[in-house]
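Please consult the sequence and the model shown below. The paragraphs after it lead through selected side chains and their surroundings.

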Amino acid sequence: MILCPARGPMASMQFTSGWKVLRDILADATAEYGRTALVTGPVAAGKTTLLDEFAAYAATRDVRVLRADCSPFGDTGPLAVSRQLLGERAPDTDRDITATVAEILRMAQDTTVLVRVDDLRYADPASARLITRLSSDIADRRVLVVAADRTNSPYGSHWLADELAGRSTFRKISLTSLTAEQVRDLAADFGVRLTPDAASRTLRLSNGNLLITTALLRDFAGGRTVVGAAYAQAVLECLHRLDPEVREIAEAIAVAGDSRSPRLIAELATTETTAVEEAARDLVAAGLLADGGFRHPVARAAVLGYIPRKRRAHLGRQTAVALNADGVSAEDAAQWLESFENGFVSAHLPERHSGEEFRVSGHRPETLWEARDIVGTIDRGIHDLTSRENRRVTDLEAGKLLVAAEFPGLLRQAVGNRAPRTRIDTTSVPDARYAAAWSLAGTLTGRTDPRQTTGLAEQALERSIFTDETAPAVLAALWAQIHSGAPEQARAWCDRFLADAQGDDITPWRAQLTALRAESALALGDHTAAVTDAGQALRQLPARRWGVRIGGPLATLVLAHTLLGTPDETAVLLRRRVPASMYETRYGLGYLYARGHHHLAQGDHLPALADFLRCGRVLADWDLDRGWRMPWQLSAAATYMAMGDYSQSVEYIVQSLDRPWQTTFDDGPGETRFDLREAIFEHLREATGTPTLPTVVAGLRSGDLIQNRDHADVPRYKIYDRNAVCLQQLSPSERRVAVLAAQGISNQKIARELSVTVSTVEQHLTRTYRKLQLADRQELRSRLG
């Protein structure tokens, strides 16, 4: 039996055979038979994934893992690999290869050592000599060298294979493109049954590229392969993994279109025709080109859309001039240019789901690009409906809000200036779905107060039966309840829906429902139940089917383990690879917040602070900093407190007071607000450095720890003691902006520091001038500077 932790489609293909080879040679290395393995394959074939999965597996076998990644953008100095592998133990002399090899062999005296190096094509010459020398000297040592390189590229040779060819210590593992049979096997993993014709079409569109094939299967609908947003995104991801020279040639091919020729492409890309021919082979292997052109108009449109507007226009003009010079009449060349500049987008739009198809299929985007595409499609569908189709309009509006709430960067635009309806027709499924969507949107944007939010969510849940069609709305309403202060109700609803949700087709939704049950348990302080439920949710689906939404249960697990004081479990969770696009979603923001508290509990103050401040910047970028009830400021204040910087801690405590929830506790005389700051400071001071800090921060956010505070407590740290007469006249947000402006800091820098918009800074300054009877910033500096 092959012991392989890999999940998903690659585990059943050549990935598995590569895994078996690596496992066998690891056993050899452990027995003091040093081995070297070179993993090759085209772009997006899974080389890095295989290396990382194997390194993680080796670590569980008490193998010491040394890692290095060659890159044209990182450390490109001589012997960069040595510095990555050995860190502070790297030789002082950049070119001391012998000392590096000796240090690695010394480590192998005590334990088996795995040296994992990715992207050999970018290795500097000294690093290449180091890897060759190390591979030559490990025949009787407990060392395994596993490296990866790309095939079919004129810009990266297989020098390691050439150097070690014929040696018994060397193995080459090739990850090839998928075959038609493997495409059908992969489709089965997605729950899709491909006919031979559909498999052949998918193969023609992808040339067996795993990334592109997966994207096509993700968009598979109605018994046919849909070439849509996921395919376009995969094309761009593959393009970005190629060398800059190849990308420029691909852009030139996209611009030239049917008018392409090697000489024209070379002229547009300012290179030689031989380079164009070599790049074309790379692009064919990557699944982008066939017969000199893109495999589908959507691929060409995606590349054209990626090119900056000015460069695209310049390339278009260059092409028209070149066509004219080749004998095309000036009129025809001008018509070509006009067609290119005005018609390429409309002529090559991806095949789209209609708004109705989106609603019925429950399709959920995996990238911001795809989410924006769906929202735009729904908007067009709404525009085409008449006033007699209000029910369909309501349903499509709900669908738009559900998509935008997952990618909150789209939320303000999706919500617009509309206010939610406070009453809904409980007999109408579209109205119930709309109420669920608005409960979530209102929670994120702050457009509804918590009582109104929980009311909308409750109405929607009472009307809902948990099915594949209603699941997105139900999950939205439950999330809104949890984050609006009603986790107990949400947990009860989760139990009810889990009892009703049966059948294989509902399994993905059951997993997300279980994850929300875990989140409600965490909010209720039941950390053990949160760990149990979140772990169960993750086991119900493989990571690839969770997609960007894996951040939800992962964040719950990380925060729960932090509260339980089990950092080793948390560290394992944080080593899991997550989709990069997850950070464009609300799930990614929760993951960042949870990870920050783990770092803080471990004493890693700077990584913790980076995560909390990133939360603030993201919320400001999404224009949700006045809505989302995420207490990142209090967490940042606790981090500064742990670092001994009480002044900065106080600044973030003051920032945290400028939140919607603080008004509940500011109904007394002027001193009440100052006492509140002192109380918050004291609560954080007592909790910082303990596992209970996230609970204390949550209690401060909700006000539970403040409402019952003893007003007779003597403050232990005097927060407010300067410019009292002037600053007492200002609100907290005005005060922070005024103090920074008085120090000569620009509006843009103030906005970045406080995680607000420049417009907000300007409004605060205007009110400050009026309250203090000042004319401008110069007088403000004179008064407060």
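**A buried threonine and the aromatic pairs**

Thr100 lies in helix α4, which spans residues 97–107; helices are DSSP runs of H or I with at least four residues, numbered from the N terminus. This is a predicted model, in which local features need pLDDT of at least 70, side-chain atom pairs count only at pLDDT 80 or more, and totals for chains, interfaces and linings use all residues. Residues are numbered from 1 along each chain as its sequence is written, and side-chain values use heavy atoms, with hydrogens and water left out.

Thr100 has a relative accessible area of 0% and is therefore buried (under 20% relative accessible area, with a 1.4 Å probe and protein chains only). Leaving aside residues up to four places away in sequence, Thr100 touches Leu79, Ser82, Leu86, Pro91 and Leu130, where contact means heavy atoms within 4.5 Å.

Rings of Phe, Tyr and Trp (its six-membered ring) pair if their centres lie within 6.5 Å; planes under 30 degrees apart count as stacked, over 60 as edge-to-face and the rest as tilted. By this rule there are seven aromatic pairs. One of them joins Trp632 and Tyr652 edge-to-face, at 6.0 Å centre to centre and 70° between the planes. Trp632 belongs to helix α32 (residues 632–642) and Tyr652 to helix α33 (residues 646–657), so this pair ties together parts that are 20 residues apart in sequence. Both Trp632 and Tyr652 are buried. The ring centres of Tyr640 and Tyr652 are 5.6 Å apart with planes at 25°, so this pair is stacked. Ring pairs also link Phe466, Trp493 and Phe497 into a cluster.

Notes:
Helices (H or I, at least four residues) and strands (E, at least two) are DSSP runs, numbered from the N terminus. Buried means under 20% relative accessible area, exposed over 50%, partly exposed in between (1.4 Å probe, protein chains only).
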